[in-house]
Amino acid sequence: MKRFVYINDDESPTQEIYCDNRISNRKYTLLNFLPKNLWEQFSRFMNQYFLLIACLQLWSLITPVNPASTWGPLIFIFAVSASKEAWDDYNRYLSDKKANDKEVWVVRQGIKKHLQAQDIHVGNIVWLRENDEVPCDLVLIGTSDPQGLCYLETAALDGETDLKTRAIPSACMGIDSDLLHKIKGVIECPNPDKDIRRFDANLRLFPPFIDNDVCPLTIKNTILQSCYLRNTEWVCGVAVYTGNETKLGMSRGIPEPKLTAMDAMIDKLTGAIFVFQIVVVIVLGIAGNVWKDTEARKHWYVLYPNEGPWYELLVIPLRFELLCSIMIPISIKVSLDLMKGLYAKFIDWDAEMIDHETGCPSHATNTAISEDLGQVEYILTDKTGTLTENKMVFRRCCINGIFYGNESGNALKDARLLNAVASGSPDVIQFLTVMAICNTVIPVQSKTGAILYKAQSQDEDALVQAAAKLHMVFVSKSGNILEIRYNASVLHYEVLEILEFTSERKRMSVVVRDCQNRKIILLSKGADEAILPYTAAGQQTRTFSEAVEQYAQMGLRTLCLAWRELKEDEYHEWSLMFREASSTLVDREWRIAEVCQRLEHDLEALGITAIEDRLQDGVPETIETLRKAGINFWMLTGDKQNTAIQIALSCNFISPEPKGQLLLIDGKTEDEVSRSLERVLLTMSITTSEPKDVAFVVDGWALEILLKHYRKAFTDLAILSRTAICCRVTPSQKAQLVELLKSCDYRTLAVGDGGNDVRMIQQADIGVGISGREGLQAARAADYSIGKFRFLKRLILVHGRYSYNRTAFLSQYSFYKSLLICFIQIFFSFISGVSGTSLFNSVSLMAYNVFYTSIPVLVSVLDKDLSEETVMQHPQILFYCQAGRLLNPSTFAGWFGRSLFHAIVVFIISINAYAYEKSEMEEVAMVALSGCIWLQAFVVTLETNSFTILQHLAIWGNLIAFYVINWIVSAIPSSGMYTIMFRLCGQPSYWITVFLIVAAGMGPILALKYFRYTYRPSKINTLQQAERLGGPILSLGNIEPQPRSLEKEVSPLSITQPKNRSSVYEPLLSDSPNARRSFGSGTPFDFFQSQSRLSSSSYSRNCKDN
Amino acid sequence: MSNNTASSSAGANGSADSAAPRRNSKRPKYSRFTQQELPACKPILTPRWVISAFMLVSIIFVPIGIASLFASRDVVEIVDRSETACIPAQNRSDKVGYIQSSADKTCNRTLRVTKRMKQPIYVYYQLDNFYQNHQSRSDEQLRSRSGENETSSCEPEDVINGTAIVPCGLIAWSLFNDTYSFSHNNQQLQVNKKGISWKSDRDHKFGKDVFPKNFQNGSLKGGAILNTSIPLSDQEDLIVWMRTAALPTFRKLYGKIEQDLLPNDEILVTLENNYNTYSFNGKKKLVLSTTSWLGGKNDFLGIAYLIVGGLCFFLAMCFTVVYLVKPRRLGDPSYLSWNRTPGGR
């Protein structure tokens, strides 16, 4: 499981074992393209089916039509998707070639040589200069920087745009740059994996380079493929992973294709049609054989042999199978793919979904699932950066029991704090020091002299900025020395260790040596529950807890700051353990956490910082609208419970009392959790009858227990509850919750912005990433990336809904038209002695399926049943999509019936009008086909809601094209239908017959539709009527955006009991009067109560089954 | 719309000065198509619109129906069913045996003209229960001599002793072979057998250089025998026969009588009853018919037009009455309550 990389050893066997640096993203080679691509295409059921049909058609005995009628479209479809694949692959080849041919400096036989990137081998030393792209994964051994640092832009790897620092391992410190290419050694590293945040390896240099010790390597010592070197003159490194085995290469993978609910439904319907087809084939096949044995033998002119070959019985069924094979439209996949591509393009193009701050348009990465957007039932959202702006501003603090910033709402303007800073109060100074240096921020001096902070965490950025405003300026970081300017004096600190932040530890610490008095101090910051329990025994932490509680109720993010002086020997002892833990290869993260724990105790808590994270624009309105649309919201956040509840309230997530009710599930043990769950379930089931918004709140700990032991009960709860707030959850729990909802057969949409949301985004049916400040990680993993949360409204209500409607029409229409022609063929078999003869000729059949009936319906991609404004005003209309009202077996039955009816009309009329002396095969076929085409045109017209110029062009142009094409075919003497179309067009009876077909076919449909439309209108119809008759649309429950500010709601210092968390917030079950108060001195929830919400409580559950 | 333009241009500015390097994004081009904002007409089914549409259809359809019906009624048609009548009474118990025997099958029938028939009068033979539509043929072979061996689609009448049969296939093999001659007042009525087939067929589908070969030479005799010295393009009976009928009941043109017939004229038909329809209980009819602008005698279109027109009128009336009696405001918001109870749909 390990690989040993011998540095700079041209003879070592590693060169052969590991691949060279040739990058290949190509799926195919020139030779295997055809077989491989065909194999892939034929792994789909539909294609196998069509291939089977096409092969059967080659058997001339049974084929009623020319094999070209199936082979043509089949080859066309295959050629289209194959050439798309080939084009993509060719582009991949070009970009690979560019990367492979790039020249880099590589050490060979001790001499630097200019080589192509593809010739780099594992163990080679590679030199890079500023702004070079890193050709493979390297372990740093030298840089131009005296401290051994270099700066890296990792945007291509993780999407984060800030510069990352990378350092050379300690063992390589101080090696002269001239000697670097002579270095020898061995790196022990794990086999290639795709984790770009971990690299647990060891380095040992061989003599003459000193330091025979093992030196631990982390990801900090590597520079990975596809990053760019910035602000560093040169670096040199050892190739450890090359070619497709780099971290980037390993993480590159084709994600599982997602299937929409609609696709599943279409597949189901296809299956049903397939079964129907088999039944028809069997029935007609038997009938045909019986007729043949009883009747056909009497018809001497067909010359049926008395004794046929063994397969004789199969001939007629197989012929019917071929005749009925068009029941499953070959064009549907192509049409659908085309439409889906356009839906995605419309999202990309949408000018109203451009984030004007960054200029980022929305983007649909996954082009295949737009319809699912219209069927979303649950939205699981992250809080920070998704609902909020993730623009952190330091607002308040509590230092040693004194609250700052409570009056003005901004601690930086609080005179008392400014005075305290000026007078140099030791508590405040300590507090500010921690704010300024307990972080991983890199200060960058810009040309104008201003200091810019490059921070990976927005919280740290806010703290450092605030400290700077309070005259504790973090000036520079050179190597391990931090320079702080406090008022006029300059202070230096040497960073000894950084105990990094992990979501499990929920805190980070630094160990620094104060260069003024040589003392070693531990500075920590983190969540209150990660710091306060570890304070020194004597310290009173009550005020801090109260402060945390108070701030959290205002929706502020709190951090607890603490410090401790370390003794020299304590530090040294611990430092050894830490080093050992850092160089383990197995479970390193866990070991490190354990070791860190040993240092982070007996802390002296200094105070609490409160950082505001403002709501994004339009979040409350968006959530309100989407909730009206019947979408249930779950908030999954890593933040504290109170912060989460406050944000939830302020963005309409939950309704305040008395409309809403919050139920809390908590407990530390299994018993407690289970009891609280039962109580909540009981309350839920009682209140579902009332029009009340019930939400439950659960924290990560309880959730862990619930998911482990009470999964079923929790699932019940999840089904009952429209809203949930899950706080303190880990990324994997987020994904588990998505999984849970999916297992209940709900369509889920997960929206998030950070790396911690990636798993949830990938797990959900639809993943939406906000391209926010936490980098593009989420946006990259997501199916859709949008700039702001509020675009979600448009994405779902406009794009999702339209896509659903359009696909619903297109797919059912495709079946309708195939069934129509198929039914006619079946009817014809009754008058052709059940022999499986085709009425239509092969050309007509082929053109009918792939041309006449496929082109006009494609413009339904522009169809809009309701205008965007109407949909936004009446988001409830989305319900029709959610419940799948437009594409389900019953609507499909309607289309099935329609095709049967139309087939009967076309068939009866054409064989009766063209009877006796006019009964000529080609003519009758063409009359019937004309009838079908005319009906198609009118059906599409009737089902189109809005006609743009394109619709007219497609529908009527297609009709004209039908005649033009048939005239052309009729002009070819060798074609079977030579002169037929000219003949027909000259006959009055042809036109009279066609109009009769149209009137008889469309009359009942129009009458039925009119009746339904006027006397049994669906909500969509009503809105259409209202919209088009003009005038203001009376809208029940208009959405009035109401500006809300957090500050007003909670009066300061209104804390009653800090840890009083009663399980039910309304005294419905719990009779404790102070239960209500825990939201802050009985602050009336009615404050939020401003508009009459529509009672839209618990319908969606019921609708599910219908 | 103006909103959109404004916002998109604002967006362009915003991106120019703010984080432009963040992503070199392809800025979506604004057009009415990309914004799905093409000007659209959105018709709805208002009662007025629907009622007038039905009214219009009925107003158009009823006259056309009447006209078609008149056209059909104007056609004079004499149908004579002959398959049983032409079998001598003593042979009627074994019709198949009789037809397959070599006895003289001449048969005389008398037709009475009911109404004046203007020339040209078309002479058809009509077969019932005859499935011409699932038989074999080869168009390539008929078209030119070079395609003579294209007999793959002709099974089982494709080759004999290794050489191709021309014309091959069961359709040609089962060529109709009854003949008719007409006399009126003991005078021969000329039946013109030229130009009974489609000109396009004679010119392009049946080659001038293709002559019958090996036809009806097999052990099994089918229908008519062709004169091997006449090219297929001149064998008009064959050409007519080869136009496959779609239905099991069909008429094929036998010839034209280019002479008016007056009411109560008696026409004597002498027919050679050769074609075997007895084994499958098929009917055989002789039809003399004039023609109209709509074709032969066929009431279907006229009646169907009247029915559809009438139904449309009826529907228009119904809708009008319902509309007047129980007016329903379109787009009434009271239907818009969102209490989506399971029953309320």
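How many salt bridges does the rule find across the interface of chain A and chain B? In this predicted model, the count is three. One of the contacts of this kind joins the side chains of Glu920(A) and Arg243(B), with an N to O distance of 3.0 Å. Polar contacts were also counted across the interface of chain A and chain B, and 22 residue pairs, both members at pLDDT 80 or more, were found. On the side of chain A that touches chain B, helix α35, residues 988-1015 of chain A, gives the most, with 16 residues. The residues on that side of chain A comprise 57 nonpolar, 36 polar and 20 charged ones.

The interface was also described by contacts and by area. Contact with chain B involves 113 residues of chain A, and 98 residues of chain B take part. About 9,300 Å² is buried between chain A and chain B, and carbon and sulfur atoms account for 64% of this area. Within chain A, the residues that lose the most area to chain B are Trp300(A), Tyr301(A) and Tyr1010(A), which together make up 9% of what that side buries.

Tyr914(A) was examined individually. This residue is located in the loop that runs between α31 (889-913) and α32 (921-943) of chain A. Tyr914(A) counts as buried because its relative accessibility is 0%, against a cut-off of under 20%. With neighbours within four places in sequence left aside, the contacts of Tyr914(A) include Ile909(A), Ser919(A), Glu923(A), Val924(A) and Val927(A). Leu984(A), Gln987(A), Ser989(A), Tyr990(A) and Thr993(A) are also among the residues in contact with Tyr914(A), as is Leu247(B) from the other chain. Tyr453(A), by contrast, is 461 residues from Tyr914(A) along the chain, and the C-alpha atoms of the two are 86 Å apart.

Elsewhere in chain A, strand β9 (residues 201-205) was considered together with its pairing partners. Four of the five residues of β9(A) are buried, and the strand is thus described as mostly covered. Strand β8, residues 185-190 of chain A, pairs with β9(A) in the antiparallel sense through four bridges. In this pairing Ile187(A) is placed opposite Leu203(A) of β9(A). Strand β10, residues 215-217 of chain A, also pairs with β9(A), again in the antiparallel sense, over three bridges. Here Ala201(A) has Leu217(A) in β10(A) as its bridge partner.

Conventions. Residues numbered from 1 in each chain as written. Chains lettered and ligands numbered in written order. Predicted model: local features only at pLDDT ≥ 70, side-chain atom pairs only at ≥ 80, totals over all residues. Heavy atoms only, no water. Buried < 20%, exposed > 50% of the residue type's maximum accessible area, 1.4 Å probe, protein only. Helix = DSSP H or I, 4+ residues; strand = E, 2+ residues; numbered from the N terminus. Pairing = 2+ DSSP bridges. Contact = heavy atoms within 4.5 Å. Buried area = accessible area lost by both parts, 1.4 Å probe. Salt bridge = Lys/Arg side-chain N within 4 Å of Asp/Glu carboxyl O. Polar contact = N/O pair within 3.5 Å; in protein donor to acceptor, adjacent residues only side chain to side chain. Nonpolar A, V, L, I, M, F, W, Y, C, P; charged D, E, K, R; others polar.
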